[in-house]
Amino acid sequence: MSARKKSQKPKVAFFDFTGCEGCQLNKLNLENDLLGILELIDLVEFREAMDDKAEEYDIAFIEGSITTPSCVERIYDIRRRTKILVALGQCAVSGGINAMKNNYPLAQVQEEVYGKDKYLFPSMPAMPVRAFVQVDYEVRGCPMSMPEFLHVLKSLVLGRKPEIKDYAVCVECKLKENECVLEKGMFCLGPITRAGCDAICPSNGQYCTGCRGLVSNMNKNGAIEMLKQHGFSVEEAIKRMAMFNTNELVKEANWGNR
Ligand code: SF4
Ligand code: SF4
Ligand code: SF4
């Protein structure tokens with residue numbers, strides 16, 4: 001039994017918005033760490049695993065993007081009741097794969113998905129949590145990176161600021177001395193994607209699809225030149241980026257102007 005009294009542990013809650021719930025399910029797979037985590041926190045709300053609810057939280061982890069007016073009301077309410085809010089996984093961090101719908105007129109999407117019932121389901125463009133409320137920390141990836149989640153959780157429990165990486169996947173990939181998949185004829189978004197996954201895809205012979213979003217100080221021109229040297233076009237890059245980075249592409253609208 002922990003020497004720490006239950007009341008001294010931080011109250012932690014998990015909430016799901018629009019997403020596949022893969023990030024939440026991932027946590028339940030933390031067999032080796034789960035008991036240790038539960039020693040450190042007071043888990044007060046987590047729909048996937050328990051029925052309990054709480055009025056206030058020290059740390060709220062949010063999975064999923066904001067896609068309906070009721071999502072907006074709910075995230076406002078959670079933000080009001082939590083001290084720290086962490087976006088969990090790329091849907092919450094950037095809109096993620098859900099944001100692909102933002103490439104089409106909303107009315108067309110509603111018609112395709114709901115047909116004659118479209119007015120029963122109010123919808124909005126898929127947006128990141130930070131578009132509506134203050135987000136204190138982010139755990140990126142689709143699904144979220146488990147080591148990064150554990151680092152953020154442990155840091156917050158210890159009252160420290162988590163260190164969040166902000167350089168390209170290529171850095172981690174080079175440190176692992178991987179053969180670059182571009183040399184094997186594959187397209188790779190590693191030069192512009194934010195590290196923190198230990199370059200897991202190229203380390204296993206796969207290309208990076210950019211699931212952790214864009215690095216903040218990306219060398220866009222360098223990445224474009226590098227891709228061109230390997231026979232890929234800017235159009236191809238934009239098409240690939242749209243899978244996880246539609247909302248960032250809107251901000252980086254001049255990608256296509258080269
Ligand atoms: S980030 Fe990926 S794994 Fe997580 S909820 Fe969204 S789609 Fe699912
Ligand atoms: S382009 Fe891809 S495979 Fe090549 S170094 Fe960067 S992350 Fe690794
Ligand atoms: S290598 Fe790229 S696609 Fe793979 S987990 Fe890392 S960021 Fe995501």
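In strand 5 (residues 137–139), Y137 is the bridge partner of V86, a residue of strand 4. The model is predicted: local features require pLDDT of at least 70 and side-chain atom pairs count only at pLDDT 80 or more, whereas totals for chains, interfaces and linings use all residues. Residues are numbered from 1 along each chain as its sequence is written, and chains are lettered from A and ligands numbered from 1 in the order in which they are written.

Strands and helices are DSSP runs numbered from the N terminus (strands E, at least two residues; helices H or I, at least four). Strand 4 and strand 5 run parallel and are joined by three bridges; strands count as paired if DSSP finds at least two bridges between them. Strand 4 is also joined to strand 3 (residues 57–63), again in parallel, by six bridges. Within this pairing, V86 is the partner of F61. Between strand 3 and strand 4 the chain passes through helix 3 (residues 69–81), in a right-handed β-α-β crossover; that is, with the strands pointing away from the viewer, the path from the first strand over the helix to the second runs clockwise. Strand 4 (residues 82–88) is largely enclosed by the rest of the structure, because five of its seven residues are buried. A residue is buried if 20 or more other C-beta atoms, placed from the backbone, lie within 10 Å of its own.

The largest nonpolar core has 36 residues, and A60, I62, V86, L88 and A92 have the most contacts inside it. Such a core is a set of buried Ala, Val, Leu, Ile, Met, Phe, Trp, Tyr and Cys residues joined through C-beta atoms within 7 Å. Strand 3 supplies the largest share, five residues. Not counting residues up to four places away in sequence, L88 touches C23, F61, I62, E63, V139 and M144, contact being C-beta atoms within 7 Å. Another core, of 19 residues, lies apart and includes L182, L189, L214 and V215.

Ligand 1 is surrounded by 14 residues, the closest being G19, G22, G89, C91 and C142; a residue belongs to a shell if its C-beta atom lies within 6 Å of the molecule. Helix 1 (22–28) and helix 4 (90–94) are the elements that give two or more residues to this shell. The residues around ligand 3 include G141, V169, T193, C197 and R212.

Definitions and conventions: Buried ≥ 20, exposed ≤ 12 C-beta atoms within 10 Å, placed from the backbone. Contact = placed C-beta atoms within 7 Å.
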